[in-house]
Amino acid sequence: MNESGFWTRGLFLGFLFCLLLIADVAFGSISIPLSTVLSSLFNPESSTFSDIIWQFRLPKAITCILAGSALATGGLMMQSLFRNPLAGPDVLGLSSGASLAVAIVILIGQSAGVGSILMGNWSVAMAASMGGSIVLLIVIFISRFIKDNTSLLIIGLMISAATSSLVGILQFLSKAEDLQIFLIWSLGSVGSTHWGEVQVLAIITFIGLAIAFFLQKPLNAWLLGENYATNLGVNTSRSRFWIVIATALLTGGVTAFCGPIAFVGLAVPHLIRIFIPTTNHKILLPFVMVAGASLLLFCDMMSNLAGGAQVLPLNAITSLIGAPLVISMVISNKQVRV
Amino acid sequence: MIASRQLAVGYASNGEESALLENLNLQLKEGELVCFMGPNGIGKSTLLRTLAGLQKPLRGELKGIEKGKLSLVLTDRITATNMLVYDLVAYGRYPHLSWNISLRDEDHRIIEEAISLTQIGHLKNKRLYQLSDGQMQLVMIARALAQQTPVMLLDEPTAHLDLNNRVEIMNLLRKLARQERKAILVCTHELDLALQTADWIWLATLNKKVVSGIPEDLVLNGAFDEVFQFKGFDLKTGKVEHEAHRNKPIQLIGEGYPFLWTKNALERCGYEVTANAETIIKIQTEQTTIWQLQDLTLKSVSDLLAALAKK
C-alpha cells in the first residue's frame, strides 16, 4: 500500500475514535444529549449532567483510551518478539501475578479482618502492581539465563499456570462474599477510576508507549528472528529487555487499575494487520494504539448499554464483541499472519 | 578478507567443550566464490555461524569479522509472511539507520540496485507468502546485498530448489563475486554445481578438519571420495556406476549427443559398451537420427533397446 493509503485509513480510524469517544461519554444508564455533552466539556459548570460527565464519564473514557492503547501495544510487542500470533500482553504472566496478589489481599485480607483498611482502589492497585512486578522480576531474572524467546514464552505461560492454580486454591478456601468481590475485579472494569488514579495510569501508560515507540527498529528486526536481527546490528538482549519492560509497564498499569482486561491485546494487532497490511512497526504502533483505545471505548459503551440498568462485566463484552470480529476478519482473509 | 588461525568451532555446555571442527586455517578472499561442502551434521552451519559472529569460537583466532562487514542468508524461516518484498530488502539498510528507521534517497537507491542485481523487480510489491522457494532465496540474497558488506555468508541457499533455480542462484553468486568483488561463502550439498562454479572449495572431513583447494584438485586427489564415501557414483566421470549384468558387450559407432545418450541408455540397461564386440550398433545422423543394429533400422533409443532385448 502507498503512503496516501495509510493516510486515508489513518484519518478514518482517527474519525472513528473521536466518534466513539463522544458516544462513550454521551451514552450510558442515563443518556446525555450531545449538545449538553459538548457544552459541559468546554464549559464545566456545576449541573447534574456536568457532574456525571466530569466525575464519572470522562475519567472512565480516558481510562478506556489509556488501557486500550496500552494493552493493544503490549500485545503487538509480544506477538512480534515471540513471532507468535497467539501471544498477548499477558503471556509474560504479569496479569496472573497481579491476580494472585489481589486475590491474597481480597480473599485472605478480608477474612483476617484487615479488609476494611485494605479495600479500596488504591490498595487493590498497589497489590496488583506488586504482584505484577514480582513476576516481572522473576521473568527478567530467568531471561538472563536463557537464550531464546520460545523458552521465555514457555516460562511466562508456566508462571501464569502456577499463579492461576494458587488463585484457584485461594478461591476454593474463601467465603462467598469475598469471592464475589474478587470475581468482580477479575472481570475487569474501567468505571471505578477517579482522576487521581487516571493520572497515575496516564503516566505509566505514556512511559510504556514512549519506550515502545523508540523500539520500532528492534521490533521490526525481531520479525526476522534473532540471528538476522543480530546481523542487522540490533542488540538483541538489550532490546528484548526493553520490550519486556515496556510491556510490563503497559499491562501492569492497566491490570492494577482496571483488572485483567481480556482479549483487546490479542485481537487489536490482528485487526490492524488486516486493516492496513504492513509489518512495519513505525506504522503499526500508532494504528494499534488508536484502534485499541477505540475498541475499548466501544466495549465500554456496549457494557453500559446492553445490560439496561446493570453494567455488564467488561471482559464479557470485550470477548463477545472481539471474538466474532476477529473470526470474521480472519475467515475473509484466509490466514493469520504476524 | 576473513582469515582464521587454529580456529576450533563447536559447542560448549556445562563447561564441557565439544569441538566439531578444529585447527582451521582458512581464508576467504575478495572476488572469490567459496563452496563449503561436507556431509550433514559435520559442523558446516556451526562454522558459518561462528564466522558470522552469532556464536563464539571455542579456540583460535578469527580476523576480519568486525560488525557490519558480513551479511547473511540463513536457513531460518521468515515467519512474517505478510511482509512486502521491498520492505524485506530494505532491512538490509538497518545497520545504517537510526532508531526511527527513515530511509533516505540514498537507501532507496541501494535497495533498488540490490533488487535489479538479483532481477526481482517484478516481485517488489508482492508479499512473501506469494513467493516460490526460489524467489524467496533471491529476495534474501537481495536483502543481504542491500547491506553492502564486503563478505556474504550463505547457508544452503539452494536447498529445496529445482535444478533451474539452483543453477540461477549459483550463477548469481558467481556473478556477484566477480562483478561486485565480494567474498562469498556458500554452504551447499550441490556437488556438481559447486564443482562447476566455485573458485575454491572448503571440504569438511570426517576427522574434524577442513581441506581447502580448487575443485579439480580435490576431485583428482580423492579428497571428495574420502569424505563422501560415494556409493555407486564415480566423481571423476561424474556418472553413476553401472553393473554390466547382461554380460553382453556392444560396440557403438557414432558421435555427438546421440552417441552419448545411446551409451547412457545401454549402460543403464546393463550392457557393456566396448571398443570391440560382436554386436555393433551404428548411429547415423543425417536428416534424422537412426540406429542400425545388423539389418534392423530403428527410429528411437527405446526401439533399439526393445530390439536388443529380443535377441
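This is a predicted model: local features need pLDDT of at least 70, side-chain atom pairs count only at pLDDT 80 or more; totals for chains, interfaces and linings use all residues.
Local features were required to have pLDDT of at least 70 and side-chain atom pairs pLDDT 80 or more, whereas totals for chains, interfaces and linings use all residues. Residues are numbered from 1 along each chain as its sequence is written, chains are lettered from A and ligands numbered from 1 in the order in which they are written, and side-chain values use heavy atoms, with hydrogens and water left out.

Aromatic pairs were assigned to rings of Phe, Tyr and Trp (its six-membered ring) with centres within 6.5 Å; planes under 30 degrees apart count as stacked, over 60 as edge-to-face and the rest as tilted. By this rule, 12 aromatic pairs were found over all chains. One of them joins A:Phe12 and A:Phe275, whose ring centres are 6.1 Å apart and whose planes meet at 40°, so the pair is tilted. This pair links distant parts of the chain, 263 residues apart: A:Phe12 belongs to helix α1 (residues 3-26) of chain A and A:Phe275 to helix α13 (residues 264-275) of chain A. Helices here are DSSP runs (H or I, at least four residues), numbered from the N terminus. With a relative accessible area of 48%, A:Phe12 is partly exposed, a class lying between buried (under 20%) and exposed (over 50%), computed with a 1.4 Å probe and protein chains only. In chain B, a tilted pair is formed by B:Tyr91 and B:Tyr94, at 4.7 Å centre to centre and 35° between the planes; both B:Tyr91 and B:Tyr94 are buried. B:Phe224, B:Phe228, B:Phe230 and B:Phe233 make up one aromatic cluster.

Charges over rings were also identified (NZ of Lys or CZ of Arg within 6 Å of the ring centre and within 35 degrees of the ring normal). A:Arg9 lies over the face of A:Phe275, 5.9 Å from the ring centre. In chain B, the charged end of B:Lys29 sits over the ring of B:Trp200, at 5.9 Å from its centre.

Zero disulfides are present over all chains, the criterion being a pair of cysteine sulfur atoms within 2.5 Å. The closest cysteine sulfur to that of A:Cys64 is in A:Cys258, at 7.9 Å, too far for a bond. For B:Cys35 the closest is in B:Cys187, at 9.4 Å, likewise too far for a bond. A:Cys64 is buried at 0% relative accessibility, and B:Cys35 is buried at 0% relative accessibility.

Methods: Helices (H or I, at least four residues) and strands (E, at least two) are DSSP runs, numbered from the N terminus.
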